[in-house]
Amino acid sequence: MRMKLNVWRQNGRDAKGAFQKYDCPDVSEHMSFLEMLDVLNERIESEGQDPIAFEHDCREGICGSCGFMINGAAHGPQPRTTVCQLHMRSFKDGDELWLEPWRAKAFPVVRDLVVDRTAFDRIVQAGGYISTNTGSAPEANAAPIRKDSADKSFDAAACIGCGACVAMCPNASASLFTAAKLAHLNLLPQGQPERLIRSEKMVVQMDVEGFGHCTNHSDCEAVCPKGISVTNIAMMNLGYVQATLLSSPREGSTDD
Amino acid sequence: MNFLLSFWRSTVGTKVVVAVTGLMLLGFTLFHMIGNLQVFTGAEDMNAYGAFLHKPEVLWAGRCVVATSMILHITGTVRLVRASADARPQGYAKWKAQASTFYSRTMKFSGPIVLIYFVVHLLNLTTGAEPGHIALHPNYLQTDGVPKAFENLTLLLATPPWATFYIVANLALGLHLFHGAYSLAKTLGLSGARQLRLARVLASVLTATIVGGNIAITLACLLRLV
């Protein structure tokens, strides 16, 4: 296959970026998208140029490292698939592709297709944990959990934090990510003691990081490689209202 | 009162305010349309209804609720639209909608069109009865500050340019209401699959009822069926 690539090249955080054209004449349909870039990078390096920077780690679709826009869709055209698991057979011979990094103020470009997603880490640090004494693991069946709650929590916990939701959202909102991290803990008994303070603090941190707001477009859900449902966002909204308007002030609350 | 301020400052809080006020304005448009259906039962009914609405306590209570809702709805939305613009200073060269719809992405345009519709509608049929008597109307009739609702409405909408304006404005209202009504259910925390299906059906039915009713009234006046 022959692919024509337009790749966003940017030398650093404050540098001005631009698209650069690359012609890839010998692409095998069995290659993953990242393998195609590996081959292209070898050629670029052999010509004495800087290779295209992109993030990757497991290449199994479970680590959340990889991801960029391909022709205006986060992770490319295949639903529920990260870029590393996307294969060239999903494209046609001669296709022209536009590769762009996630674009959001809270995700500054580090280089080329790599963005800094530590804003996500700070949202999790704000409340995406449970406080518990460590020691031997408790008896697994000691705390009964409803099957549907466990299922929903597990679905939300599948979030790999890749950032596709933010990238695809017309508002650059991190609502799907934050809502998934909240639902993951808020639906389980272990998450109950800190449910309200968590709901408040993670939403506040999401705003502090400079993400946009949710207008229920559902573009995020459509590109999420793990199929996280937007219904988690409705639960987040309800949790935030309960935490800020319908409960008495708590220690550590942001409006103290 | 600090907690109310921090609620308003958060994007989720503002969204909830926009949703609640949107729900109130949706209720207002629905009852307004139902009231106007009296154009089909005759001048007497409609003018009596108009006179009832012009009792000072009813009039000013209604105006306060609608004005407060609109102010909060619009200031909240402006805040959110600006936050979104700030959140992505550099746009994409290519961006392809995956699930979002025409009406969901045009809320910030259909909203201002509805606002223009609202202001023009006031100038057409309300301000003529207020001190100053400004009316965008072929022949505005009123007695002692109470407008002759039936005559004013039927005469206005019998003119093709105004009828066209009202039909176009109602289609924009429909775009705004459909996404708004469904979206506000999610914003207010509805997350069950069954409730969301119900919300979608309700949003469609309400939108079709309001827009259909308003357009039916307009067409009836234009074609001089009433």
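Let me begin with one pair, in which the side chains of Asp50(A) and Arg111(A) meet in a salt bridge, with 3.3 Å from N to O, where a salt bridge is a side-chain nitrogen of Lys or Arg within 4 Å of a carboxyl oxygen of Asp or Glu. The pair links distant parts of the chain, since Asp50(A) sits in the loop between α1 and β3 of chain A and Arg111(A) in strand β6 (residues 109-111), 61 residues apart; helices (H or I, at least four residues) and strands (E, at least two) are DSSP runs, numbered from the N terminus. Asp50(A) is partly exposed at 47% relative accessibility, and Arg111(A) is also partly exposed, at 26%, where buried means under 20% relative accessible area, exposed over 50%, and partly exposed in between, with a 1.4 Å probe and protein chains only.

Please keep in mind that this is a predicted model, in which local features need pLDDT of at least 70 and side-chain atom pairs count only at pLDDT 80 or more, while totals for chains, interfaces and linings use all residues. Residues are numbered from 1 along each chain as its sequence is written, chains are lettered from A and ligands numbered from 1 in the order in which they are written, and side-chain values use heavy atoms, with hydrogens and water left out.

Over all chains, the whole structure holds 14 salt bridges. One of them joins Asp38(A) to Arg59(A), with the closest N and O atoms 2.8 Å apart; Asp38(A) belongs to helix α1 (residues 33-46) and Arg59(A) to the loop between α1 and β3 (69-70), 21 residues apart. Another joins Arg122(A) to Glu209(A), with the closest N and O atoms at 2.7 Å. Arg122(A) lies in helix α2 of chain A and Glu209(A) in the loop between α6 and α7, so the pair ties together parts that are 87 residues apart in sequence. Here Arg122(A) is partly exposed, at 36%, whereas Glu209(A), at 13%, counts as buried.

Now to the nonpolar core, meaning a set of buried Ala, Val, Leu, Ile, Met, Phe, Trp, Tyr and Cys residues joined through side-chain atoms within 4.5 Å. Which residues touch the most other members of the largest nonpolar core? Among its 49 residues they are Phe120(A), Val166(A) and Phe211(A). Helix α5(A) gives the most to this core, with six residues. Domain 1 (3-110) and domain 2 (117-244) of chain A both contribute residues, so the core lies between them; the domain bounds come from an automatic or database domain assignment. Leaving aside neighbours within four places in sequence, Val166(A) is in contact (heavy atoms within 4.5 Å) with residues including Phe120(A), Phe211(A) and Arg88(B).

That last partner brings us to the interface. The contact takes 47 residues from chain A and 42 residues from chain B, and the area buried between them is about 3,500 Å², of which carbon and sulfur atoms give 58%; buried area is the accessible area (1.4 Å probe) that two parts lose on being put together, summed over both. Arg103(A), His213(A) and Asn216(A) supply 17% of the area that chain A buries against chain B, more than any other three residues. How many salt bridges are counted between chain A and chain B? The count is zero. On the side of chain A that touches chain B, α8(A) gives the most, with nine residues.
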